[in-house]
Amino acid sequence: MEREDPLARIEREERERKERNKDLRKLMWVLVAIAVVLAGALAYVWIQKSRLIGELNVEKDELTEQIVSLQSDYASLSSDYDSINSQLDSSREEVAQLVERIRKTEATNRAKMRQYERELGTLRSIMRNYITQIDSLNTLNKKLTIEAANARKDAAEARRINAQLSDKVENLAGQVAAGSVIKGRSLRLEAYNSSDKITDRSSRVVRMLATLNLVENELAPRGPLRVYIRVTDPDGMLLLDGSNASFNFEGEALAATASREVDYEGSDVELSIYVNNIPAYSKGIYTVEAYTLQAKLGSAELMLR
């Protein structure tokens, strides 16, 4: 084998070394280019990620703000109805829990954020429903209040009219009662002697006779009616014929000199009542008063000498 010239070998090795260095430089530049591209890609990814995280944080903040605003709206909402207030308390608790959950959740958890958005929409719908119910109930309550006020007014007016009618009925009843009272007229007292003739001499009187007419009255009750007379002597003493007649008049028990029952049918009735069994008569003025249980029929005087 022919031995290689040392100079040629050195030149060859130099050429090979230069080739290797040239290849290494090419490789280095290729690696540098790759590194630059990777660095650019990483920078782009990082920038995009940072931008996305920023956007997600903004979305979270906006969603949090909306939920907190809804919480404030729920806090300001009230009603006068226990059933709605109970439901409101439950919804307020749900909103408070939602606020707490969203604050603890990372903005990058897109699934949770979408869930919270749906819950927010549901709670808003529920709140609108509450507002509609409360407005409807308030409107109904105002209507019922007006109707109740009108009913009270109508009732007061009805009571007033009823009171007026009652007064009229009472007045009419009073008028009817007053109109139904039997009245008397032409009451007179006469004295008779033993010959059954009228006399004015006290020493000859053996009995007295009271006569009167019961006036016609269509409103008066029909049937038996007792008439009482009270005769007083000149000294004001009540004459008593021994019959022990008595009656109640306007809440007071009165003794009667004599009485008589007649059948009253609404037309004029003339009646006479004798006064007997009086031992003696004195000079002076005698007074007679006639009564029924409902009314005084009149009075008259007789002068004996």
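Select α1 (6–76) and α3 (110–179) to begin, since each of these helices (DSSP runs of H or I, at least four residues) supplies at least two residues of the lining of the largest cavity. This is a predicted model, in which local features need pLDDT of at least 70 and side-chain atom pairs count only at pLDDT 80 or more, while totals for chains, interfaces and linings use all residues. Residues are numbered from 1 along each chain as its sequence is written, and side-chain values use heavy atoms, with hydrogens and water left out.

Next, select the cavity lining, which includes Leu56, Glu59, Lys60, Arg110 and Glu117. The volume is about 40 Å³, where a cavity is a set of points on a 1 Å grid over the protein atoms alone at which a 1.4 Å probe fits but cannot get out, and lining residues have an atom within 4 Å of a point.

Move on to the strands (DSSP runs of E, at least two residues). Three of them form an open, antiparallel sheet in the order β1-β2-β7, pairing being counted when DSSP finds at least two bridges. β1 (184–192) and β7 (269–275) each have a single partner strand, so one side of each is left without a neighbour in the sheet. Seven bridges join β1 to β2 (residues 207–214), and Glu190 stands opposite Leu209 in β2.

Finally, select Met208, Leu214, Ile229, Val231 and Tyr281, the residues with the most contacts inside the largest nonpolar core, which has 31 residues; such a core is a set of buried (under 20% relative accessible area, 1.4 Å probe, protein chains only) Ala, Val, Leu, Ile, Met, Phe, Trp, Tyr and Cys residues joined through side-chain atoms within 4.5 Å. Apart from it lies another core, of 19 residues, among them Leu70 and Met127.

Conventions
Buried < 20%, exposed > 50% of the residue type's maximum accessible area, 1.4 Å probe, protein only. 1 Å grid on protein atoms, 1.4 Å probe; cavity = no way out; pocket = protein on both sides within 12 Å on 5 of 7 lines; lining within 4 Å. Points joined across faces, edges and corners; volume = space filled by probe spheres on them.
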